[in-house]
Amino acid sequence: MAKSDYFQWAAETFALERIFEKDEALKDVKIVELCTLILGPATPAYLAEFGATVFKVELPGMGDTMRSLTPWGHFWKKQALGWLKEARNKYHIAIDVHHEEGKELFKRLVAQADVVVENLRAGTMDKWGIGYRDLVEINPGLIYIANNGFGQWGPYVERPSYDAIAQSESGMAWISGFPGRLPMKSGIWLCDYYGALKAAVGILAALHYRDRTGKGQYIEYSQAENIMRAMDWTWIYQGITGKGRDRYGNRDVAICPSDIFKSKDGELVALAATTDHQFKALCQAMDKPELAEDPRFLTNLERTKEENAQALLSVVREWVASRTWFEIDRLARKYGFAAEKVYSGRDHYYDEHFEVRGFKWHIDDPILGDGVEEGVAPKLSETPGRIKWMGKAVGFDNEYVFTKFLGLTVDELKALEEKGVIGKWADFIGRTPPDDWDGKSGKIFP
Amino acid sequence: MVDKTKPWADWIREHDDPKYARSKPEALDDVWVLDLSYANMGGCFASSILAEMGANVIRVEPPGGDPARTYSPFGITHQGEGLGYLNEGRNKFHVTLNLETEEGRDLLKRLVDNRIDVLIETFKAGQMDEWGIGYRQLREIKPDIIYCAIYTYGQYGPKAECGKADADVVDQAMSGVTYVSGEYVEDPDNPQEWEVPTKQGNWMGWYCGGAYAAFSVLAALHYRHLTGKGQMIDVSPAEALGRMINYSLLYFHDTGQTVERVGNLDAGVFCYTYFKCKDGFCFLSGFSDVNWSLLTEVIERPDLRDQYPTIFERLKFENMKKAYKEIEKWTLDKEYQEIFERVMAANTRAKETGQGGVVVPGKVCSTWETQNTDNWWVRGSFEKFKDPVYGELTICNQPWKMTETPPRVKWICRPVGADNEFIYGTFLGLGTGDLKELEKAGII
């Protein structure tokens, strides 16, 4: 088949314009979320992109603490940017589960759900009478996942945790950054977002088992343990050599060359040759074909030896410094090695590739209006993910959810609200709709 | 009735301690996966996840092995294998197949036809299609196949045809995460070589891409369960990691500004960072007013609470840098253990008095320390595992502790082509003689 034909076919198959015509992979899955901050809430957010119905349960009034997390205290239309990232496609309801009647409502919701996600301290839900042991009695096929820092049992069970602690106690921060400098925390909430992604993987595997057998289960999930599993050769290396892993800046000490260099025109360029074949091609591109014949550089195992790597990287560094990014990019395309510049948020925003692929996702939100967010990462041809709405105020969907799913009447809702069992947003930044909200838009049931 | 007499921690441990894992069922043991990953640990990690959850994974390598087998720190190998690959060979059957030959591709099609539910590949976009074994062709043989392609630039979009290779460092750079990570320039007149965008030390681009591939495959499997339909999946590890950015596009959309790197600080939270202490580094938090107030109490600096009373003062970069230095004065002359104990005692006090607030302490561990920390061994995160071929190695297990279908490691890796006889013999009926012929012809 001709290649151009393939790319045209792929472009049509995955076209953004057709996404809303297509089906959703998780359209039959209902999730109840009782979470705050990121590790918890981000988990159902990934699943909501693919059609899961997610009921996010918050405390009436102030809701999720996450509603305050935004860079430099900058709110957009009264919304915290950190919070919006994980609020997409969810139904936002507010129940006080400390209240007996609140627990009852919560249980009634769980009775018809497939999945519960919580991220409270270990044992809290159990203590409140809405833990796995209580819920499995009303819903035997339930999949229940508890996300936190250190799990439900073991020496660290009493310890609170955050993303930054998972990064630090796992050793992830230790291996990031430059030699002789500080261990570096990632610039993103890595163990939260990546942790939530893997939590969602656990849910989907359990869902597959339930599809086959009807059986649900409990999943205990520690974000620190999750990031440890992503730290590639660290543990085997330490076990074999008896030496600790260090940090090596932008250099990949297991693949050579693989590093970030500065080009003649000041761009930071990530460049790598991941096979011997690519390395030969790189040598040609650098106009140094003799390097590929040098016994020190014949194979990746030779090239990664410390002395050889130092020698080779300095050659590549010099070469990159003598070329513009435009030239390097052209050569990488021609010779097929890996090279890309370090992208900023601005680069993402103006990049046509990301625009076409919906990584830069435009949305005309019914409540918040014109927005742009990081879109859905994986593209599925039959059941593409999508962003339907960005996020809503505390308790915004109470009427719809309690009426449709729990069969409550308007009067019953009022009574519950008066008792403080359910409620709406406090008049506080991050919790409310934007100032220009007309009181109707975005509401499914009045 | 579920037994509720036991304390929660005891009850759940009895049901999900990984030490019982190997006697329990597996979530995905009805699924057959063909993993064609080439020089790409993202694909290998995707199939590891599925294999650890019980899927039957056939790893297809070119005769001579996947170049990824040479990915190893400082050229160190264990029984000839690179350590990076050794970590992701788990539970997979390893066969060889030369996809550059017509006969090799025919064998692949026969395998797909025979039993494959999921195919994972990491070639440059269009390569498989050009070989006649892309999604368009394989769905003719197996209409409900789930076909997952992993490549930095994806399968469509202006850059999909660029021809550049996928590498972890490139995925990280393109994701936007590298740009916001690393030390900021302290003095613009004298920038240091380490004050640059900094990647994660591990193969974070590949691992995130691999995790998203596994996520997508499982979502597609559920859809196949509902409708009988297969589909094609396009995963870019750069976008996968990029999806993990806290906030970037909306901030730019609204303000025209990019979020710049702030070292170990955080544009959205303060206090929330690492401090130097007497014997290393510690983490301390205190963001919401009540938590911040407690932190200033712990470090005996109520003046800081008054100086930065709301999150709006605490979320100014200049203030963060100043307050950071003040807090560090308290940590510098204390050992981690003392800091930990003082903070935890203050937490207890705050809870008992009803004052409220939590300060979260943590330790910045070296990976060596982590590997020698009891907690992770007790919990089965680390395990010394004896492999029939590779001997005893320290491995890290998947984090899910599941009551019904826990993940597990059955073997660590297999040599190149070690399972040719089993797979080709069992599923394609090829005998020893046939395999010898194929080997001679350079097909396996």
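Domain bounds here come from an automatic or database domain assignment. For chain B, that assignment gives domain 1 (26-244 + 409-440) and domain 2 (272-369), and the C-alpha centres of domain 1 and domain 2 of chain B lie 43 Å apart.

A quick word on the ground rules, everyone. This is a predicted model, in which local features need pLDDT of at least 70, side-chain atom pairs count only at pLDDT 80 or more, and totals for chains, interfaces and linings use all residues. Residues are numbered from 1 along each chain as its sequence is written, while chains are lettered from A and ligands numbered from 1 in the order in which they are written.

Let's look at helix H11 of chain B, residues 289-298; helices (H or I, at least four residues) and strands (E, at least two) are DSSP runs, numbered from the N terminus. Its buried residues (20 or more other C-beta atoms within 10 Å of their own, with C-beta atoms placed from the backbone) include B:Trp292, B:Leu294 and B:Leu295. The buried residues of H11(B) pack against strand E10 (280-285) and helices H12 (302-307), H13 (311-314) and H15 (336-353) of chain B. Just after H11(B) comes B:Glu300, with a positive phi of about 55 degrees.

Now, how many residues of chain A are in contact with chain B? There are 163, touching 154 residues of chain B, where contact means C-beta atoms, placed from the backbone, within 7 Å. On the chain A side, helix H8 (residues 190-213) gives the largest share, 16 residues.

Finally, strand E14 (residues 379-380) of chain A runs antiparallel to strand E8 (residues 231-235) of chain B, joined by two bridges. A:Leu380 has B:Ile233 as its bridge partner in E8(B); strands pair if DSSP finds at least two bridges between them.

Definitions and conventions. Buried ≥ 20, exposed ≤ 12 C-beta atoms within 10 Å, placed from the backbone. Contact = placed C-beta atoms within 7 Å.
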